[in-house]
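Welcome! Take a look at the structure first, then try each task before reading on.

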Amino acid sequence: MSTMKKIAFILVSTTTVGFSTYALAEVSLPMGWYLEANLGASKISDVSYATGTHISTTGIAWNLNGGYKFIPYFAAEIGYTSYGNGNITLNSVNVGKDQVQSYDLAAKAIVPVQDTGAEIFAKVGAARAKSHVTVTNETVLAANGTTLTTGHYNSTDLYFGLGGDYSFMPNMAINIQWNRVNGTSKTGNLDLLSLGLAYLFD
């Protein structure tokens, strides 16, 4: 089982246990400011470095979100995500590294699941993706006549996601969510599957 699948299995299993404990369910606060911290697995895809190179895209990532819940069905939030480093390989040898992060601004539609303490939600907005590519093995690149384009790359792209949360206290919830930044060939598409904890201020 791949690292991404193992992490996804742990996230889903942990959240399923939490969501199934309905005896402890609480209705979340209808509105207010909130903070959210998430940890999970990230993936970089559809990015071009140099002919013949590949990227090991799965890594541990973390995310912070802050927002305001206007009504039980709608919120707006800003977020920051640090993705797992991408290891760039040529002939199965590491030759470079891609460090990626993003900032996002999104609208969040929320559907409470009546009398369960659970909600499902969808996000859509814009994200600023930032990629930093560096060489880690110039010798292998030179021996294969390959040049890895290094430097900083930025793009502003569509951001969207889906998820669900479970309130075990009126102002505390656990969540599981998947988010994507639709990037360019320089920054790649950025996926995050995460488990997190949110606090809603009174």
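**Exercise 1.** Find how many aromatic pairs the whole structure holds, then classify the pair Tyr68 and Phe70.

*Solution.* A search through this predicted model turns up seven aromatic pairs. For Tyr68 and Phe70, start with the distance: the ring centres are 5.0 Å apart. Next take the angle: the planes meet at 70°, so this pair is edge-to-face, since over 60 degrees counts as edge-to-face.

**Exercise 2.** Now classify the pair Phe70 and Phe74, and name the cluster that includes these residues.

*Solution.* The ring centres of Phe70 and Phe74 lie 5.8 Å apart. Their planes are at 25°, so the pair is stacked; the cut-off for stacked is under 30 degrees. Together with Trp33 and Tyr68, Phe70 and Phe74 form one aromatic cluster.

**Exercise 3.** Decide whether Tyr68, Phe70 and Phe74 are buried, partly exposed or exposed.

*Solution.* Buried means under 20% relative accessible area and exposed means over 50%. Tyr68 has 25%, so Tyr68 is partly exposed. Phe70 has 40% and is partly exposed. Phe74, at 34%, is partly exposed too.

**Exercise 4.** Which ring does Lys108 lie over?

*Solution.* Lys108 lies over the face of Phe121, at 4.3 Å from the ring centre.

**Exercise 5.** Describe the chain as a whole: its elements and its buried share.

*Solution.* Count the elements: there are two helices and 10 strands. Then read their order from the N terminus: α-β-β-β-β-β-β-β-α-β-β-β. Finally, of the 202 residues in the chain, 46% are buried.

Note on methods. Residues are numbered from 1 along each chain as its sequence is written. This is a predicted model: local features need pLDDT of at least 70, side-chain atom pairs count only at pLDDT 80 or more; totals for chains, interfaces and linings use all residues. Side-chain values use heavy atoms; hydrogens and water are left out. Rings of Phe, Tyr and Trp (its six-membered ring) pair if their centres lie within 6.5 Å; planes under 30 degrees apart count as stacked, over 60 as edge-to-face and the rest as tilted. Buried means under 20% relative accessible area, exposed over 50%, partly exposed in between (1.4 Å probe, protein chains only). A charge sits over a ring if NZ of Lys or CZ of Arg is within 6 Å of the ring centre and within 35 degrees of the ring normal. Helices (H or I, at least four residues) and strands (E, at least two) are DSSP runs, numbered from the N terminus.
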